[in-house]
Each structure stands twice: as structure tokens, then as C-alpha cells.
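User: Please take me through this model residue by residue where that helps, and through its ligand site and its domains.

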Amino acid sequence: MSEVRSVFVDEGVLDINYIPPRLLHRDEEQRILQAMFNFMLTAPYEMSQRAIITGGVGSGKTVLAQVFGRWLKVEAKRRRVNADYIHVNCRELRGSLFMVLRRVVKTLRPDFPERGYAANELMETLMQLLDEENTQLLLALDEVDALIENEGSNALYDLARAQEVRPNAPRRLSLLCITKDPRVFKKLDSSTLSSLQRNVIQMQEYGSPQLASIVVSRAEAAFRREAIPLEVIDYIAELATHEHGDARYAIDLLWRSGKYADVAMARQVTPEHVRKAAAAIFPSLKEESIGQLSLHEKLVLLAIARFFRHSTAPHASTGEVEQMYRIVCEEHGDEPRGHTQFWKYLNQLKSLDAIRIKLDASSQGRTQLISLAKITADDLEREVLRSIEQK
Ligand code: ADP
Ligand code: MG
């Protein structure tokens, strides 16, 4: 075999979880975060704070929080102040407060026992641990909409009140909520809401030149020199600009284009590789968003796809989807879950770009209407099936 050559020097830089050494074009947002949470460094344990980061898919919400968290930890150490930052993705944790708290406690104490605790006990445990270490925690709740959809108002309320129930004790817990959909906060009761809404960072969409510089800096670290011409990078940025300035899409496109170049054993990435890559991605329903779903959420999604493959109606009712869900479960040799649970799964799917769910006005709120956006039923079915088989 001949020597395997690649256009990449370090693909890892294009990984979805990679945190770059620095952020571009987000200086102001970083300064606002620093100002909001500065008290953790200058007046530790005297205050706690809550804030929201909101903005479209790929506008850099997650990476902004993580880069800030990294800075906070370094800065705290430098000033000999105890401060920790923990980032959890609520959707990956099924929107469950219990799972969120368990993840946080496990991060602080890796040897913490798995079983035998309820959510409210974990909440107390968390505060105890912070007391024991005499530290303060900035907890970033990424995709917090999943938590609110699943738990209602209570989860955030409980988290926010963990402090208030101990009025004279040191302040230990601050919250940074991240969501692409600020409408979800409407579900909160007014006191929880008002304490959050004072601090909102709204991320603007990236324009084409901004995306280009983000893509250039990532490409420089990921590709061999000369392996990707500047005009190809610009082309990728242009495509991503059309996807509402989605930087995640841009970086995914960069990676896939490189993969196609490697498969073709080309020395350079060409526009044709980019077009191939673009044709392979559904910007509206990226794989990782399906990958994050639980098996039964995927089965509900499959039921939706199946319904529309066999129907000419633009909308499906919840009843129709539930019926199809039972059939799909049977095919997959899995016991269908009950009605209440089915509704919860359906609610979790609301956050996907490809699914629209609205109330049926004629049913007095008992039925929801489901439709597909930006994706064909065929494509959706194929993607979900692939994701189920991968697991
Ligand atoms: P969101 O959470 O808003 O959907 P992410 O934070 O996941 O978006 O960003 C998507 C991708 O783009 C990530 O790989 C991230 O590292 C990168 N990215 C976004 N904004 C910037 C930026 N300002 N500078 C460098 N990389 C960025
Ligand atoms: Mg994100």
C-alpha cells in the first residue's frame, strides 16, 4: 500500500466539542460575562447571579460559555479564590433535573455513589459539597429548554432557590442558562423569570466575513498548509451565511470537505468536495441532534417520518403519531411507552429544527398538530434509522 496522505494535520480541531484557544468577534459578549460574574473573583461568596445566553444555532453560545468558564477558573486560581465552572448539556441529560444534578455532583466528586438519591437530596448534597470545599460554582445549563420542557418551571426555581433557603450562609451557586429559544422562559413563574431576565446576552448572527475568519482560523489549525485554498474557505463561509450564520455548519462543512478530498486522494480541497459535503449534510437536522435523542424519542421521530411518507396531509395529529409510534415500536421489538410518556417524548422533539408542533385551535388544547420543515419524510426516516442502528 502506498503512504496514506491526508489534507489534515489535526482533525480534532474540527470536532464538535473542541474549545478553541480564543474566540473571534465576541469580545463584547465576553466582557459582559466578565462584568456579570466579576463578583466571584472580587467578592467571593457574597453574591450569586443568574444570566441567559441566547442566539441562533451555531452562533457560538456554547463555546462562549466554555471559553468564559475556562478563563474564570484560571483567573480564580491566579487570585487564589475558589471558583469552579461546570458545563452540562440538559438535552443530553434528557431534560432531567436529577440527571443534571447527578452529573454536577459526579464532576465535583467522581467517587460519589450512583444510586440511592432523589433530586432534592442531590441538591442538598451539592450545596454541602460546595460548603466543604469552601468554593462557589458557576453552573452552565446548556440547552436549558430541554430542562424546562421536561420539568416545567420547578427545576430552575429549585436551582435558583437553593441559595435563598440559606439566607445567611455564603453564596455558592450561580447559573448561566443557554438556549436558542428564549420563548421557553415564558413557562417560568414570574419571580424565577424576573431574576433571570435581568441579564440576557443576545448573540447576533455571524455575517459572511466573520464566518470566514472563524473558518480560516480553524482551517489553519486543522489542515496542512496549502491543502485548502482561501477561495474554498470563502465559499464555505458563504454557504454557512445562508444557514443564518451557523458556525457549526461551517466547521462541519470544512471537516466533511476535507474527508471527501482525502477519499479522492486529492492534494487540495476543491469546491466540488465542498458541494459533495454540503449535499451530505441536512443543516436543519444535523446528525448530532438526532444522536442525542433517547431510543424512544427516536422511535417517535421515526413514527412522524413514517406517517408523512404514507400521507398527503401536511399535518399529523398527536393521536395519529401515537398510533404510528405503537406500530414502529412493535417493528423494533420494543414495548411502547404510555400516553403521558409519549407526550413527553413529543415535547422533547419540539427543539429540533425539522419538527414543528402547534396547538390545534379547534380542539380546545387537547391536540397538537405536527409537521415537518426543511426535510423530506424519506430523508428523515433514513437519518433516524441510521441513528438507531448505530447505537
Ligand atoms: P451554538 O452553541 O450557539 O449552537 P457553538 O458554540 O456550538 O454554537 O459554535 C459552533 C461551532 O463554531 C463550534 O465549533 C465553535 O467552536 C465555533 N465557533 C462559534 N463561534 C466562534 C467564535 N466566535 N470563534 C471561534 N469559534 C467559534
Ligand atoms: Mg450549543
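Analyst: Helices (H or I, at least four residues) and strands (E, at least two) are DSSP runs, numbered from the N terminus. This is a predicted model, in which local features need pLDDT of at least 70 and side-chain atom pairs count only at pLDDT 80 or more, while totals for chains, interfaces and linings use all residues. Residues are numbered from 1 along each chain as its sequence is written, chains are lettered from A and ligands numbered from 1 in the order in which they are written, and side-chain values use heavy atoms, with hydrogens and water left out.

User: Which helices each supply at least two residues of the shell around ligand 1?
Analyst: A residue is near a molecule or strand if one of its heavy atoms lies within 4 Å of it. There are 18 residues around ligand 1, and those that come nearest are Leu 24, Gly 58, Thr 62, Tyr 206 and Arg 248. The helices that each give at least two residues to this shell are H3 (61-78), H9 (208-222) and H11 (247-263).

User: How do the residues of the shell around ligand 1 divide into nonpolar, polar and charged?
Analyst: In this scheme Ala, Val, Leu, Ile, Met, Phe, Trp, Tyr, Cys and Pro count as nonpolar, Asp, Glu, Lys and Arg as charged, and the others, Gly among them, as polar. For the shell around ligand 1, the division is 9 nonpolar, 5 polar and 4 charged.

User: How far from an oxygen atom of ligand 1 does a polar side-chain atom of Arg 248 lie, and what area of ligand 1 does the protein cover?
Analyst: A polar contact is a pair of N or O atoms within 3.5 Å; within protein, one must be able to donate a hydrogen and the other to accept it, and residues adjacent in sequence count only if both atoms are side-chain atoms. Polar backbone atoms of Gly 58 and of Val 63 are each found 2.8 Å from an oxygen atom of ligand 1. For Arg 248, a polar side-chain atom is 2.5 Å from an oxygen atom of the ligand. By the Shrake-Rupley method with a 1.4 Å probe, where for residues only the protein chains shown count as cover, ligand 1 has 560 Å² of accessible area on its own, of which the protein covers 96%.

User: Which domains each give at least three residues to the shell around ligand 1?
Analyst: Domain bounds come from an automatic or database domain assignment, which here gives domain 1 (27-203), domain 2 (207-281) and domain 3 (287-390). The centres of domain 2 and domain 3, taken over C-alpha atoms, are 32 Å apart. The shell around ligand 1 draws at least three residues from each of domain 1 and domain 2.

User: Is Leu 141 buried or exposed?
Analyst: Leu 141 sits in strand S3 (residues 137-142). With contact meaning heavy atoms within 4.5 Å, and not counting residues up to four places away in sequence, Leu 141 touches residues including Val 88, Val 100, Leu 156 and Ile 178. Its C-alpha is 7.3 Å from that of Leu 175, a residue 34 places away in sequence. Buried means under 20% relative accessible area, exposed over 50%, and partly exposed in between (1.4 Å probe, protein chains only), so Leu 141, at 0%, is buried.

User: What does Val 300 touch, and what is its relative accessible area?
Analyst: Val 300 belongs to helix H14 (residues 295-309), and its C-alpha is separated by 7.7 Å from that of Glu 322, 22 residues apart along the chain. Leaving out residues up to four places away in sequence, Val 300 touches Val 321, Tyr 325, Phe 342, Tyr 345, Leu 346 and Leu 349. Val 300 is buried, and its relative accessible area is 0%.

User: Why does Ser 195 count as buried?
Analyst: Ser 195 is in helix H8 (residues 190-197). Its C-alpha and that of Gln 49, 146 residues apart along the chain, are separated by 8.5 Å. Ser 195 counts as buried because its relative accessibility is 9%.

User: What is the phi of Glu 226, and where is this residue found?
Analyst: Most residues other than glycine have a negative phi, and most peptide bonds are trans. Glu 226, which is not a glycine, has a positive phi of about 75 degrees. Glu 226 is exposed, at 63% relative accessible area, and it is found in the loop between H9 and H10.
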